[in-house]
Structures are given as structure tokens and as C-alpha cells.
Amino acid sequence: MASEELAQKLQRRLQLEESGAAGEVVDKGEVVAEATAEAERGSLTARAGAELTAKLCRRQDINEGATQPRRAAVFNPYTEFKEFSRRQIKDMEHMFRLYDSGRDGYIDLMELKLMMEKLGAPQTHLGLKNMIKEVDEDFDGKLSFREFLLIFHKAAAGELEEDSGLLTLAKLSEIDVSLEGVKGAKNFFEAKVQALSSASKFEAEIKAEQDERKREEEERKHRRAAFRELKSAFTQ
């Protein structure tokens, strides 16, 4: 359709040039330039229409059950960051949620600013942007939980400079990740991973959590029994 309209416009222009209608002088270069621009606009429109059609068709297939929606890869911190224990990761998660005041699953620049102020190491605006940039893998200008864990991963592996704001955050966070200094940390974790296999370590931590929950439940039962005895003594 667009090519037919373009051909008609070119034909009219050529006719005007040949007849010199209305005393108008038509520049051939101008005709070619206009034709090129028109062709580019038509190409962009066709490409955008094709993309929209493809998206609409895929949405219709999903609604009809003919295809499955694309799902993002599931992030498992316990399997990806094996150098940390479950307790350490839970402590990091607690800290992340504490400063994620927007409850959107991210720590943005202003939330990071508040965090560093609370830790007693305030940063400049440029310093905060550089901190995010060091671990911002998707370039969205904020920290996801995975990127937040990368801070401690890099600190423990000795991948951060001594004057890095992220290293300061890791050291002041009160989360024990066994930092032995920038040079010694990497060797420490390598030795630790060799001493304990990830599978047995993971199972031991789960069992410890289960035992702790059982102990807490037993304590609650004892407290309830003691309360009932005390209550019955007063009602007699």
C-alpha cells in the first residue's frame, strides 16, 4: 500500500517537472530525498506493525493455552552463594528488607543513602552511584537482593578496593561473613569450601533449623502448661 502511494507521488512530481506547471521548478535531488524519507517511514511503520502483530499473536496463544509464558530464571541464594551459610544469607535478607522501605524488592539510591548513614559511613551522591554501579548487573540503577548479596560475595573474595563504599558496607553491616581482610578472605573461603562439601553443609544447617524450631515449640508448651497450672491454682 505504501509503495503504491509512493509511486503515485513520484509520478505526479515527474509530471510537474516535465510540464513546468504553475511556473514551479522542481529539483530532482529534492524528489529523490523525499522519496527516500517516505520509504524509510514506510519501512519503520511496517516493522512496528509486524512486532505488534507478533506480540498480539503470542498473547492470544497464551490465553488459549497453546503456548506457555516465558518465566524468569528462579534465583536461589542458597545454591548460588554457597560460600555463605543459611544463617548468614537470612541475616543479609533481613538487612535488605529493613532498608527496602518502598517494599518493591529493590534498594534504590535514596534507600542506600539512608543505609550508609545508619551505618555511620555517609556517602556523596557520586559515591552512592558508584557503589550501585559496581554490582548493578542489569543496569537499572538500583540493587536487587541478588546484587546485594554480590556485595558480600565480592568483599569476601577480595574483589573490592580498600576505599570501596561497598567494602565499608560489608564491614559495618554486623553480618559475620568471616572477612579476614581483602587479601586473606579468598584463601579462607577456598579452604572452608574444601573442608565441607556444600551438600552436607546445607543438610546440617537445615537440621539445625529444624532442631531449633522443635526446641522453641517445646518451650512454648512448657510455658502454656505452667500458665494453666498457675491459673488453676488461683481459681481453686
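Visitor: A residue is called buried when its relative accessible area is under 20%. What share of the 236 residues of the protein counts as buried?

Guide: The model here is a predicted one. The cut-off of under 20% is applied to the 236 residues of the protein. The share that counts as buried is 25%.

Visitor: Are helix α5 and helix α6 roughly parallel or roughly perpendicular to each other?

Guide: Helix α5 covers residues 109-118 and helix α6 covers residues 125-135. Their axes lie 10 Å apart and pack at an angle of about 105°. Angles of 65 to 115 degrees count as roughly perpendicular. The two helices, α5 and α6, are therefore roughly perpendicular.

Visitor: How many nonpolar, polar and charged residues does the contact of α5 with α6 have?

Guide: From α5, the contact is made by L109, L112, K113 and M116. From α6 come H125, L128, K129, M131 and I132. By class, the contact has 6 nonpolar, 1 polar and 2 charged residues.

Visitor: Which element gives the largest share of the largest nonpolar core?

Guide: This core has 33 residues, and among those with the most contacts inside it are M95, L112 and F148. The elements that give two or more residues are α4 (86-99), α5, α6, α7 (145-156) and α8 (165-172). The largest share is 8 residues, and the element that gives it is α7.

Visitor: Which residues is M115 in contact with, leaving aside its neighbours within four places in sequence?

Guide: M115 is one of the residues with the most contacts inside the largest nonpolar core. M95, F148 and L169 are also among those residues. Leaving aside the neighbours within four places, the partners of M115 are M95, Y99, I107, F148 and L169.

Visitor: Is R103 buried or exposed?

Guide: R103 lies in the loop between α4 and α5. Its phi is positive, about 55°, although R103 is not a glycine. A residue counts as exposed when its relative accessible area is over 50%. R103 is at 62%, so this residue counts as exposed.

Visitor: What is the relative accessible area of F139?

Guide: F139 is in the loop between α6 and α7. F139 has a positive phi of about 55° and is not a glycine. F139 is exposed, and its relative accessible area is 75%.

How values were computed. Residues are numbered from 1 along each chain as its sequence is written. This is a predicted model: local features need pLDDT of at least 70, side-chain atom pairs count only at pLDDT 80 or more; totals for chains, interfaces and linings use all residues. Side-chain values use heavy atoms; hydrogens and water are left out. Buried means under 20% relative accessible area, exposed over 50%, partly exposed in between (1.4 Å probe, protein chains only). Axes are lines fitted to C-alpha atoms, for helices over the stretch in contact, and angles run from 0 to 180 degrees between N-to-C directions. Helices (H or I, at least four residues) and strands (E, at least two) are DSSP runs, numbered from the N terminus. Angles under 35 degrees count as roughly parallel, over 145 as roughly antiparallel, 65 to 115 as roughly perpendicular and the rest as oblique. Contact means heavy atoms within 4.5 Å. Ala, Val, Leu, Ile, Met, Phe, Trp, Tyr, Cys and Pro count as nonpolar, Asp, Glu, Lys and Arg as charged, and the others, Gly among them, as polar. A nonpolar core is a set of buried Ala, Val, Leu, Ile, Met, Phe, Trp, Tyr and Cys residues joined through side-chain atoms within 4.5 Å.
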